[in-house]
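The points are grouped by topic.

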Amino acid sequence: MEKGGKKIQCGQIWRVIIGLKECILSGLLSVDGLKVLHMDRNDYYGGASTSLNLTQLWKRFRGDDTPAENLGSSREYNVDMIPKFMMANGALVRVLIHTNVTKYLNFKAVDGSFVYNKGKIYKVPATDVEALKSPLMGLFEKRRARKFFIYVQDYETNDPKSHEGLDLNQVTARQLISKYGLEDDTVDFIGHALALHRDDNYLDEPAKDFVDRVKIYAESLARFQGGSPYIYPLYGLGELPQAFARLSAVYGGTYMLNKPECKVEFDENGKAIGVTSEGETAKCKKIVCDPSYLSDKVQKVGKVARAICIMSHPIPDTKDSHSAQVILPQKQLGRKSDMYLFCCSYAHNVAAKGKYIAFVTTEAETDNPEVELKPGIDLLGPVDEIFYDTYDRFEPCNDHEADGCFISTSYDATTHFETTVKDVVELYSKITGKVLDLSVDLSAASAATEE
């Protein structure tokens, strides 16, 4: 630290200016033995992905701090600003186990995973058995889908016999799907609600990634024998950055919250050398931050539109699920991007007894979020309160090797963590020059399934 002209050498220091992605990275870097200092302009953890109580929610979106009394105590609410479920066998759970952060968190299985098709909500079938039971498909389509799911379940990269003569690194997803003669609506829910693709570009890309994604979904679904492949922390995602903060502290990391005007300092060659706040400069070798801290090194790539709703009931037609995800594929709405419904409740300790928190999110295609989000909001039934919001999405456009700045991308509209963790893993590789080994014992993480 440099103060009043005095310098203290602290070895190789990595300066992390924190959001949720940066907190995860700090944990990974700390476990690797790197010295990490966190600075945040906010007085709370998590940046844009923080959780708000009811009073904070009202202050942010209504400009006052007096929510309606019938909603219950403000302290009983933990409303995540970027709500995302975790795939039980997905990359984020593997990161949690790899860093041993699971000991700081308690998870609960998510009740349901659904897809919107021709005006109705259906449970997402993910196995051959579920395909035969699903009302999404007719009799003959069920048989075709069953054969496809059996192929996916049996496929093993290292077992050529399971490939049935197909090289999935060469064959496209479209070609694989045509082999089984699946109808467009079936392809729609498999591609968007199981493989979690955000558009249809995957159809003309090698099928290996598509098959791997469907396999992870099915394996995650089987993990806790629940109604979905997802899990979610009790008390919401606000627990996540705090858990990684604890982990980093165990390995010698330091946190500095409420540091206003964090300004990244550069040398004459444009290389980052430190961060200044309140007249103090902390020297470092590299900077990790979200786009808001280095606005001249990012470019706008889109905008997310969302509605935050407080309700007194679960989403209709979701089997009374206290927690659920509903994906509305783009084709079903005549849009260019999918729409997502997220619902969580007092069962996960994120709302007062009897209350549910629902989000409707999508990539904005107009400047009118209320009209654009209407197809999703109409599925919610009566709502007690609703807040509309939009935020811009940014991606880095800098040369991190030249300036030493590693900038995360903004959060997208998805209500699952798969794209978020992909960004974290890619940043880790850029920062360290290593591939993150996520081959872990998945049994180290558990989730409650009972109410």
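A search of the whole structure finds two cavities of 30 Å³ or more. A cavity is a set of points, on a 1 Å grid over the protein atoms alone, where a 1.4 Å probe fits but cannot get out; lining residues have an atom within 4 Å of a point. Grid points are joined across faces, edges and corners, and a volume is the space filled by probe spheres set on the points. This is a predicted model, in which local features need pLDDT of at least 70 and side-chain atom pairs count only at pLDDT 80 or more, while totals for chains, interfaces and linings use all residues. Residues are numbered from 1 along each chain as its sequence is written, and side-chain values use heavy atoms, with hydrogens and water left out.

**Cavities**

- The largest cavity has a volume of about 60 Å³, and residues including Met81, Lys84, Arg306, Tyr391 and Asp412 line it.
- By class, six nonpolar, two polar and three charged residues make up the lining of the largest cavity. Ala, Val, Leu, Ile, Met, Phe, Trp, Tyr, Cys and Pro count as nonpolar, Asp, Glu, Lys and Arg as charged, and the others, Gly among them, as polar.
- The second largest cavity holds about 50 Å³ of space. Among the residues that line the second largest cavity are Asn78, Asp80, Tyr232, Phe342 and Phe359.
- Two or more residues of the lining of the second largest cavity come from each of β6 (79-80), β19 (339-345) and β20 (356-363). Helices (H or I, at least four residues) and strands (E, at least two) are DSSP runs, numbered from the N terminus.
- Eight nonpolar, one polar and one charged residues form the lining of the second largest cavity.

- The largest pocket has a volume of about 1,200 Å³. It is lined by 42 residues, of which Arg198, Arg213, Glu418, Thr419 and Lys422 are closest to its centre. A pocket is an open set of points with protein on both sides within 12 Å along at least five of seven lines.
- α3 (91-98), α8 (207-223), β21 (385-396) and α14 (418-432) each give at least two residues to the lining of the largest pocket; the largest share, six residues, is from α14.
- The lining of the largest pocket divides into 13 nonpolar, 11 polar and 18 charged residues.
- The second largest pocket has a volume of about 480 Å³. Of its 24 lining residues, Ala48, Asp290, Ser292, Tyr391 and Ser410 lie nearest its centre.
- β17 (298-311) and β21 are the elements that supply two or more residues to the lining of the second largest pocket, and β21 gives the largest share, four residues.
- The lining of the second largest pocket has nine nonpolar, eight polar and seven charged residues.

**Cores and helix packing**

- The largest nonpolar core has 104 residues, of which Met86, Leu176, Phe210 and Leu240 touch the most other members. A nonpolar core is a set of buried Ala, Val, Leu, Ile, Met, Phe, Trp, Tyr and Cys residues joined through side-chain atoms within 4.5 Å. Buried means under 20% relative accessible area with a 1.4 Å probe, protein chains only.
- A second, separate core of 22 residues includes Cys309, Val326, Ala358 and Leu373.
- In α3, the buried residues are Leu92, Val93, Val95, Leu96 and Ile97. They pack against elements including α1 (20-31), α9 (239-250) and α14; contact means heavy atoms within 4.5 Å.
- The 16 residues of α5 (residues 139-154) should span 22 Å at 1.5 Å a residue, and its end C-alpha atoms are 23 Å apart, which agrees. The expected span is 1.5 Å times one less than the number of residues.
- Buried residues of α5 include Phe148, Phe149 and Tyr151, and its buried residues pack against α4 (128-133), α6 (173-179), α7 (184-194) and α8.

- Gly191 is in helix α7 and counts as buried because its relative accessibility is 0%. Gly191 and Phe210 are 19 residues apart in sequence and 7.6 Å apart in space, C-alpha to C-alpha.
- Gly404 is in the loop between α13 (400-403) and β22 (405-407), and counts as buried at 3% relative accessibility. Not counting residues up to four places away in sequence, Gly404 touches Lys271, Ala272, Lys286 and Ile287.

Definitions and conventions. Buried < 20%, exposed > 50% of the residue type's maximum accessible area, 1.4 Å probe, protein only.
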